[in-house]
Amino acid sequence: MKKSKINVPSIGFVSLGCPKAASDAEQILTRLRAEGYKISGSYQGADLVVVNTCGFIDAAVEESLDAIGEAMAENGKVIVTGCLGAKKDAAGNDIVRTAHPNVLAVTGPHALQEVMEAVHTHLPPLHDPFVDLVPAQGIRLTPDHYAYLKISEGCNHRCSFCIIPSLRGDLVSRPIGDVLREAEILAEAGVRELLVISQDTSAYGVDTKYRTGFWGGKPVKTRLYDLCEQLGELGLWVRLHYVYPYPNVDDLMPLMAAGKILPYLDIPFQHASPRILKLMKRPASAEKVLERITAWRQVVPDLTIRSTFITGFPGETEAEFNALLDFLDEAQLDRVGAFAYSPVDGASANDLPEALPESVREERKATLLRHQEDISTQRLERKIGHRIKVLVDEIDEDGAIARSEGDAPDIDGLVYIVDGHHLAVGDFAEVTVTDCDVHDLYATLQ
């Protein structure tokens with residue numbers, strides 16, 4: 001008897017935004033595959049499309065709305081999730097529904113259950129899916145050798161330029177046992193590097209009063225130090241992102257010095273002027289930050305620090321901008337990104353007086369980046385002639401493309417290994433640095 005062909009429901013997936021949004025996407029994709037859905041590589045081959053959006057700044061809103069529009073035009077059946085789904089315009093109307101009233105459903109960020117309910121409503125799953133269609137580590141958007149590890153959702157800060165808390169809510173830390181189990185599964189799947197992410201990594205466990213969890217039969221506190229200590233036992237590169245310079249970060253330096261976690265911190269300082277930081281409603285002052293950086297480097301001399309700054313914040317004087325440049329000279333940060341201040345609907349900074357013209361904001365951004373180029377280059381030049389450990393990301397006709405302990409994927413520099421043709425993606429290698437430019441290192445295996 002000839003068997004009838006089973007039409008497996010197929011879903012297209014578009015994911016925009018930051019690593020936290022990518023982590024949400026991975027959870028949704030994992031559930032979809034676990035329930036037997038097929039993930040389509042095209043709009044035409046999909047029964048419906050899920051669009052995971054970003055809504056932080058105006059450019060991200062435009063990109064997300066364009067992506068929704070393209071999915072509607074090409075497929076017609078679209079479920080929207082992510083930060084833009086939680087955002088409203090000045091009149092209180094849903095931005096997504098206003099622009100695209102015919103989408104099937106709209107949810108906010110970290111809304112796995114709501115997305116799955118919408119999928120089930122418009123495209124019921126097969127009645128008996130096999131969970132072994134999904135690998136233990138779930139569906140990931142990153143290469144096999146590194147993965148993002150999200151430890152919390154939301155944020156307790158109310159920075160005046162940011163609307164993330166209104167989109168993602170207050171801080172909610174994941175149970176430490178769940179985080180460590182996920183990390184172990186990723187390690188068993190061949191992941192070589194874990195990138196720890198959240199909205200405020202330093203605050204992990206604050207909301208639970210550092211509740212004691214259990215891992216390997218032992219009590220472990222829900223606290224950043226304890227988490228890093230346990231992750232350091234997995235034998236992986238562990239890289240910390242979105243770290244606020246609280247005093248508890250000092251406690252991590254011995255772990256870095258001992259090689260348990262990478263000597264790397266991604267800290268969004270945003271500015272150096274105490275007055276501007278106060279207007280931004282940011283914690284810490286520039287003086288304390290400089291003291292802390294000096295103390296960190298005494299314990300971990302090869303510490304890499306990357307940061308981001310906002311130029312042209314409302315009321316920023318030329319003297320305050322110059323103070324920011326002076327801060328960069330003294331802090332000697334390794335990697336720096338900059339954003340010209342951009343008003344975001346719903347942010348309290350929009351009500352501040354003395355808004356600067358866009359041309360001034362952009363000019364100051366360009367000036368800051370030019371100023372930092374010399375600092376970054378000098379920091380890289382210090383590595384020439386030294387042996388460093390790298391993780392291989394890619395092999396091409398020119399050799400291997402890798403990253404050092406000081407380079408996070410997609411945002412930092414690369415290490416080009418001219419004689420690395422025989423290496424494989426995911427390999428660790430020891431190389432000698434022979435040259436550098438503003439962003440990247442050049443090296444050989446010899």
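**A tour of salt bridges and charged sites**

Begin by selecting glutamate 184 and arginine 181, which form a salt bridge with their closest N and O atoms 2.5 Å apart (a salt bridge is a side-chain nitrogen of Lys or Arg within 4 Å of a carboxyl oxygen of Asp or Glu). About one helical turn separates the two, because they are 3 residues apart in helix 6 (residues 176-188); helices are DSSP runs of H or I with at least four residues, strands are E runs of at least two, and both are numbered from the N terminus.

The model is predicted: local features need pLDDT of at least 70, side-chain atom pairs count only at pLDDT 80 or more, and totals for chains, interfaces and linings use all residues. Residues are numbered from 1 along each chain as its sequence is written, and side-chain values use heavy atoms, leaving out hydrogens and water.

Next, select arginine 379 and aspartate 334, whose salt bridge has its closest N and O atoms 3.0 Å apart. This pair links distant parts of the chain, 45 residues apart: arginine 379 is in helix 12, and aspartate 334 is in the loop between helix 11 (318-331) and strand 15 (335-340). Both arginine 379 and aspartate 334 are buried (buried means under 20% relative accessible area, exposed over 50%, partly exposed in between, with a 1.4 Å probe and protein chains only).

Stay in helix 12 (residues 358-381) and select arginine 364. Arginine 364 is buried, at 13% relative accessible area.

Finally, move to helix 2 (residues 58-74) and select glutamate 62. Glutamate 62 is exposed, with a relative accessible area of 54%.
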